[in-house]
Amino acid sequence: MKIKIFGGLLVAALAITSMANAQAPVRPIKGINRMERKENRRIAMDVRTHKITRGQAFHLRNEERHLNRDRRMALADGRVNRFERRHMRREERRINRTIRHDEHMDRVS
């Protein structure tokens with residue numbers, strides 16, 4: 001009897017901890033998700049056409065991961081205020097400039 005009770009409590013504790021650790025999906029923010037999809041396509045296309053290296057693509061995708069982390073932090077309170085939105089758009093523009101710069105590096109030299 002004690003084993004059944006202990007086993008039931010163990011299963012309940014595991015279920016509660018797994019629900020607490022589940023990460024909420026990244027909610028859309030006006031205009032940001034569209035730009036992110038566009039950037040991901042550009043990075044993939046540039047790697048295929050050898051405009052950028054795989055290392056440069058890794059760094060660009062890492063910057064995207066940082067932006068996603070910022071987005072999750074902004075949504076932690078349930079709302080994205082204008083300052084957080086401005087910060088994310090500024091970061092997206094910076095990533096776009098970096099992609100463009102990396103694409104055209106071989107033309108400079």
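Predicted model: local features only at pLDDT ≥ 70, side-chain atom pairs only at ≥ 80, totals over all residues.

How many salt bridges does a search of the whole structure find? I ran it and got five.

**Entry: Arg71 and Glu36**

I started with the pair formed by Arg71 and Glu36, where the closest N and O atoms sit 3.1 Å apart. Buried or exposed, I wondered about Arg71? Arg71 counts as buried, because its relative accessibility is 2%. Glu36 is buried as well, with a relative accessible area of 12%, and the cut-off for that label is under 20%.

**Entry: the other pairs I checked**

Next I looked at Arg94 and Glu91, whose side chains meet in a salt bridge at 2.8 Å, N to O. Both residues belong to helix H4 and are three residues apart, about one turn of the helix. Arg94 comes out as partly exposed, at 31% relative accessibility. I also see that Glu63 joins Glu91 and Arg94 in a network of salt bridges.

Then I picked Arg69 and Asp70, which form a salt bridge at 3.7 Å, N to O. Arg69 is partly exposed, with 39% relative accessibility.

**Entry: surface patches**

Which residues gather in a patch of positive charge on the surface? I noted Arg82, Arg86, Arg90, Arg93 and Arg97. I looked up Arg97 and found it in helix H4 (residues 82–103). Arg97 counts as exposed because its relative accessible area is 54%, and the label needs over 50%.

I found a nonpolar patch on the surface too, made of Met1, Ile5 and Leu9, with about 380 Å² of accessible area together. Met1 sits in the segment before helix H1 (2–21). Met1 is exposed, at 75% relative accessible area.

**Entry: the whole chain**

Last, I zoomed out. The protein chain has five helices and zero strands, so in sequence order I wrote down α-α-α-α-α. Of its 109 residues, 21% count as buried. Its accessible surface comes to about 8,600 Å², and carbon and sulfur atoms make up 59% of that. I also checked contacts with a separation of 6 or more: 72% of them are between residues 24 or more positions apart.

Conventions. Residues numbered from 1 in each chain as written. Heavy atoms only, no water. Patch = residues over 30% accessible without salt bridge, like charges linked within 9 Å, V, L, I, M, F, W, Y side chains within 5 Å. Areas by Shrake-Rupley, 256 points an atom, 1.4 Å probe, with all protein chains shown as cover. Salt bridge = Lys/Arg side-chain N within 4 Å of Asp/Glu carboxyl O. Lys, Arg positive; Asp, Glu negative; His and termini not counted. Charge placed at Lys NZ, Arg CZ, Asp CG, Glu CD. Helix = DSSP H or I, 4+ residues; strand = E, 2+ residues; numbered from the N terminus. Buried < 20%, exposed > 50% of the residue type's maximum accessible area, 1.4 Å probe, protein only. Contact = heavy atoms within 4.5 Å.
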